[in-house]
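I opened a new page for this chain and wrote down each thing as I looked it up. The entries follow the order in which I went through them.

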Amino acid sequence: SDQASSGFGISVSTAGDVNGDGFSDVIVGAHLFSGDEVDAGAVFLYLGSADGLNTSSSWTGQGDQVDAWFGRSVATAGDINGDGYSDVVVGACLNGNGQYQEGAAFCFFGSASGPGSAPNWSAEINHESALFGTSVATAGDVNGDGFADVIVGAPGYSNSEISEGAAFLYFGSSSGLGASPVWTAESQQWGAEFGASVSTAGDVNGDGFSDVLVGAPRHDNFTSDEGRAFLYLGSPAALSQSPGWSADSNNAASEFGWSVASAGDVNADGYSDVIVSAWLFDNGETNEGRAYVYLGSENGLGLSPAWTAEGNQADARFGSSVASAGDINGDGYSDVIVGEEAFSDEDTQEGRALVYFGSAAGLSSSAAWTAEGDQYMAYFGRSVATAGDVNGDGYSDVIVGAYGYDHGQSDEGRAFLYLGSPAGLSLSAAWTAEGDCDSAFFATSVATAGDVNRDGYSDVIVGAARYTNGQPAEGRALLYLGSATGLGSTHAWAMEGNQGMAWLGISVGTAGDVNGDGYSDVIVGASLYNGGQSGEGRAFVYLGSPGGLGLTPAWTADGDQVDAQLGGSVATAGDVNGDGYSDVIVGAEYYDAGQTNEGRAFLYLGSSTGLNLTPAWTAESDQTWALFGSRVATAGDVNGDGYSDVIVGARIFDNPEDMEGRVFLYYGNGGAGLRLNPIQRRFNHIAATDHLGLSGSTTSFGLTGRGRTPFGTGWIKMQWEVKPLGTPFDGTVTGESDWLEGGPTGVSFTDQVESLAPGTVYHWRARFLYHPATTPFQPFSRWVSPFANGWQEGDFRTVAVAPIANAGPDQTVKEMLGVALIGFGSSDPNGDTLTYHWIQLSGTPVILAGSEAPIAAFTAPWLPSRASQILTFQLTVSDGVHFASDQVAVTVTPHTFLDVTPNHIFYPYVEQIVARSITAGCGTELYCVDNPVTRAQMAVFLLKAKYGASYTPPAATGTFTDVPAGYWARTWVEQFAREGITAGCGPTTFCPDSVVTRAQMAIFLLKAKHGTSYVPPAATGLFTDVPAGHWARTWIEQLARESITAGCSATTYCPDNPVTRGQMAVFLSRTFGF
C-alpha cells in the first residue's frame, strides 16, 4: 500500500478472473488505509498473467467514510450477473449510514478492463453495531439459476440475543445482486458472533447446488467460547422426505399403482420415464385395465401421462404387470412391456403380453409384439420384465410369467424368454422353465438378476411363491444363468422358504451391486415369513460372486409387525445417494404406523460392507387402508441430476375416488438436483445406448453430459473413467474433453471415447472439471454414472470382432412347400469353428428343423386367403465368444393353379417346374394336370428342364415332314431329334401330336439325363407287366432303380399308359433334381 499502518493484507482472496483473460487475479484489503478519509480503507487488485501476478495493482477501490474499515474482508463474488467476468465483493464492517458501525458490503462488477471505479451494488442492514461485512464471500450458486450468489456475515448482529451474529445471502441475477437478502440465519446464542467468517462450502453433497459455511468463533457448546461452524444445504441424504411427484387415476376402484416401474428412457432425451398401471380401470369395459407412461424432464415427471393404453376387453386386467423391456431392437430407445393376465382369445383367461416400442416421439400407439398363453387360465403376463441381455448380442430380451400354466402338474407355472433382435422380439420363446410342482405358481415374479457371476451375460431370477417341498407353500426362488447360447436349461441356484406359508419368491429382482464388488446381487421377498411376528414378512439379499449366488443370505430385513407383509414388493433403488453402491427398497403394504394398513416403504443403503441393517429412509401413506408399498421400484433418474429416484404405489389410496390408487415419486439425494444428464450413446451419437446395449463400434462409444459449475458461470471440461467389467475404478482419468464455457444454464458435452477393446463389456463414470480461474473453490464435480447400476457393474458392450453371418439370399416360395435356409455362407475371420442358431422373427410361426445347424428347413405355411406373406428368419453364428446375426426374408406366395391345390399329390412337383418356367400351364390359372403329354410338348419340357428356361433351340431345317414350317414346336422337335433322344416315329415323321407313353418316357428321360450313348444294365424282372422281350424293359427298370418312378403299383409299370402332365412334372423334377 506504500502507507504506514494501513493494514495491507488484513484480508486476501482470489478475485477470480475479473477481466476474462483466462488467468486468475487476486485482491488484497488494507482496512486502515487513509485516502480522503482517515482509516477509510482500500482494496487493491492484481492481475494474473502467463508470468504470474503483476507487481503493481491494476485497480484500487477506497472507502469514503472515516473509520469505515473498507477492505476488512475481500473475496471474489463469482459471476453474479452471468456476463462471463468474475466480480468482487468488499466488506466495510464499521461503515455507518444512520446506525453506528452497522457495516456495509460492496460489489464491483468485472469487465474486459477490470472493475469499475464505483460499486455496482451495496447493502447494509440498518442495525447498530452489527459489523455487517466483517466477512464476505461468494456463496456459489445456491439456487441453481446459473448466477453466483454472495454471503455476508454480521457477527455483532443482535436480535433475540446480544451479539449472536447473523449471515445474509443475496441472490445473483442478470441484473446483479438483489437489494434484499433472500435468506438469513442467526445463532440464537448470546455473544456467539455467528457470521465472523463465511464461505462457500462448494457442493458438498454433489447435487449441483453450492452450499455455505458460517463460523461462530465464540459459540458455547460444552465449553465456553469453543466456537462452532455451521453448514447449510450440504448434508448427504437418501431420499426426499416428501414426494416430489404423485399421480392418481381418478377412476374408482381402479387400483392405480398396482404395478409401477421405470420405463427406461422411451424418447431418449436423457431423462428416465416411469410406467404405472391401474389394472382394474374401467373405460367402456369393466376392469379392462390401463397403463400410463409419464416422461421425465429437467423438472421431474410430467403431471399428465404422455402415453396410455387400455385392454379394451372386460376383466382382461391390462396392466397386471408393467416394466421396461430395455431396448429390444437396438434403436436407442427404451421399449416397455405390459402384461394382461386375464385376456381371453381362443382360451379363457390365457393371458397375453404386449410390447410397445420407444421412439423420439415416445411410445408407439399400438403394440409392436404380442404373445399369448395359449392355455386355459394360464394367466400369461401376470409378471413381465426385462431379462437384460442373456446371450450378449447387445439386444434386450424379455421374460414373461404364466403362474397358472399346466404341464404335467396343475398350476405349476411357466416362464417364457423371448430374445431381442433388430427386428424386435422372437415370435416363439427361446427358453422356458416350469415349476414341476402342483400349485407352485412358478413365475409369480420374474426379473433380471443382473450379472451375478460377472461373465458379461445377464441372468434371470424367477419366484414360485407357493412351491411346496417339505413345507406347504414355503415358496422358492431360482436363478438361471445367461450365456452365449442364452439361458441355461436348469437353474444354477435355488432357495426355499423352509417355513410353511412363507411365500418366498412372491417378489424377486436384482439388488444391483450393493457392496461394490462388481457382481450383481439379488433380493427376494417372502411376504408371509414369520421371524417372530406372524405374517411380518422378510426380505433376503444374496450376493453375487464368480461362482454365482451365495447359499446363505448376506442381509435380511423383517417387518417387525404382525401381518405387515414386508417383502411383498422388493426392488433395487438404484444409487439414490451417488456413492457408487446400489441401494434397495422394500414395501410392507399392510404396515400400521398410526393408520391401519396404511403401508410403508423402507430404503436400505449399500456400502462396501453391503446393505445397512437399519433403513436410511421410510415413507408412509398416512391413510387407512392405502396399502402404500404394495409396489416399489426404481424410477431411474427422472430429472437427470445423476441420482436414482424411487416410485412407490399405494394401490387402494383414496383421492377422492374410493380405492383409485396413487403413486408417489421420491427424489434421490434428498431432493431434486440440477441436471447432469450422463448418457451413454452410440459411437456416432445417432442414438442412445440402453443398459448393456451395443456401442455400435468395436473401439468406441459416445458420452454426453450437462456441465455447470456450482458457482454460476465458468469454464468446464468433462472427464471420464472407463474400465472393462471386472476392473474397479481407481480414480485414474482415462479421457477428457476440451474446455467449454458454461453459461447460466450450463453447457452440453458430446464426446467420443476411443481406444476400447472389441467385444468387451465396460463400466464408466464421468465428472466435470472446473477451471481454477472461474471456479477457484472446487476443482471438480462428483463422479456420475448411469443410474441403473452400482459403479462396478457393466454398462455397455463394444461390438466384437465377430464372425460374419450369412443367412443366404431372400427367397420366394409357394405355400406348403419345403424351404431350406442355408447359412453356409457364414465365416469366421480367425478360422474358428462356428455354431449356428436359427430363429423366426415374423410371419406365421413354422417348425424349424435343424435350427442349430448350418441348414434349417421348414414347410411354408398354408395361405387360406391366397394372400402372400413374408416370413423373416435370423441366423446367429458364434465362435464361442463373439456373435453375428443376419436375416433372410422368405416370401410365401399362394399356389399357382386352381386345379393343383396344396393338398394335390402332384402339387410340389408342378410348382417346381413352374418356378423354373418350364411351363406356364394350359390356360388362365389352370395346369390341366390329368391331360396327356404329346411328343411335341415333351420335346419342349425336356429341353427346358435340361438347359434352362432361357434356352432357345437353333433354327429348323425340315427334318420331319409332319412338322411343317410354322408348327409351334418345330425347332424344339428337331433339336430333340438332333440330340439323339429320339429318331421320330418313322424315317421322316415325328408324330408330334401323338401321346407319349410311359415306356417312351423312360427312354426319353434317361437319354436326356445320361446321353444318347447310354445303355441301361440288364433287366431283372421288376414289373410283371414288362415281360422279357419288351422293347423298353431295361430302360423302364433303370428308371425305377434311379427312383424316378415306382411304377403304377407295387408290381406293375403300365408301360403303354399315356403320361399325364402331372406325372410329367414328377418325372422331370426327379430326373433333374429339382
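The model is a predicted one. I began with helix H4, residues 998–1010, and helix H5, residues 1033–1041, which pack at an angle of about 65 degrees with their axes 9 Å apart. That angle makes H4 roughly perpendicular to H5, since 65 to 115 degrees counts as roughly perpendicular. I noted the crossing of H4 past H5 as left-handed.

I then asked which residues of H4 and H5 meet. From H4 I listed Ala999, Ala1002, Ile1003, Leu1005, Leu1006 and Lys1007; from H5 I listed Trp1035, Ile1036, Gln1038 and Leu1039. Sorted by kind, the residues of this contact are eight nonpolar, one polar and one charged.

I looked up an open sheet of four strands and wrote its order as E53-E58-E57-E55, with mixed pairing. Which strands stand at the edges? They are E53 (811–814) and E55 (835–842); each has a single partner strand, so one side of each is left without a neighbour in the sheet. From one strand to the next, the twist averages 30 degrees.

Strand E57, residues 869–878, pairs with strand E58, residues 883–893, in the antiparallel sense over 10 bridges. I picked out Thr872 and found that its bridge partner in E58 is Ala889.

I counted up the secondary structure of the chain as six helices and 58 strands. The radius of gyration is 41 Å, well over the 31 Å given by the globule rule for 1074 residues, so the chain is more spread out than a compact globule. I also noted the span of the C-alpha trace along its principal axes, about 145 × 70 × 50 Å.

Most residues other than glycine have a negative phi, and most peptide bonds are trans. I looked for places that depart from this.

- Asn655 and Pro656 are joined by a cis peptide bond, with omega about -15 degrees. Pro656 lies in the loop between strand E42 (645–650) and strand E43 (662–666).
- Asn250 is not a glycine, yet has a positive phi of about 55 degrees. I found Asn250 in the loop between strand E16 (245–248) and strand E17 (256–264).
- Ala473 has a positive phi too, near 50 degrees. The loop that holds Ala473 runs between strand E30 (459–464) and strand E31 (476–480).

How values were computed
Residues are numbered from 1 along each chain as its sequence is written. This is a predicted model: local features need pLDDT of at least 70, side-chain atom pairs count only at pLDDT 80 or more; totals for chains, interfaces and linings use all residues. Side-chain values use heavy atoms; hydrogens and water are left out. Axes are lines fitted to C-alpha atoms, for helices over the stretch in contact, and angles run from 0 to 180 degrees between N-to-C directions. Helices (H or I, at least four residues) and strands (E, at least two) are DSSP runs, numbered from the N terminus. Angles under 35 degrees count as roughly parallel, over 145 as roughly antiparallel, 65 to 115 as roughly perpendicular and the rest as oblique. A crossing is left-handed if the near helix is turned anticlockwise from the far one by less than a right angle, and right-handed if clockwise. Contact means heavy atoms within 4.5 Å. Ala, Val, Leu, Ile, Met, Phe, Trp, Tyr, Cys and Pro count as nonpolar, Asp, Glu, Lys and Arg as charged, and the others, Gly among them, as polar. Two strands pair if DSSP finds at least two bridges between them. The radius of gyration is taken over C-alpha atoms; the globule rule is 2.2 Å times the number of residues to the power 0.38.
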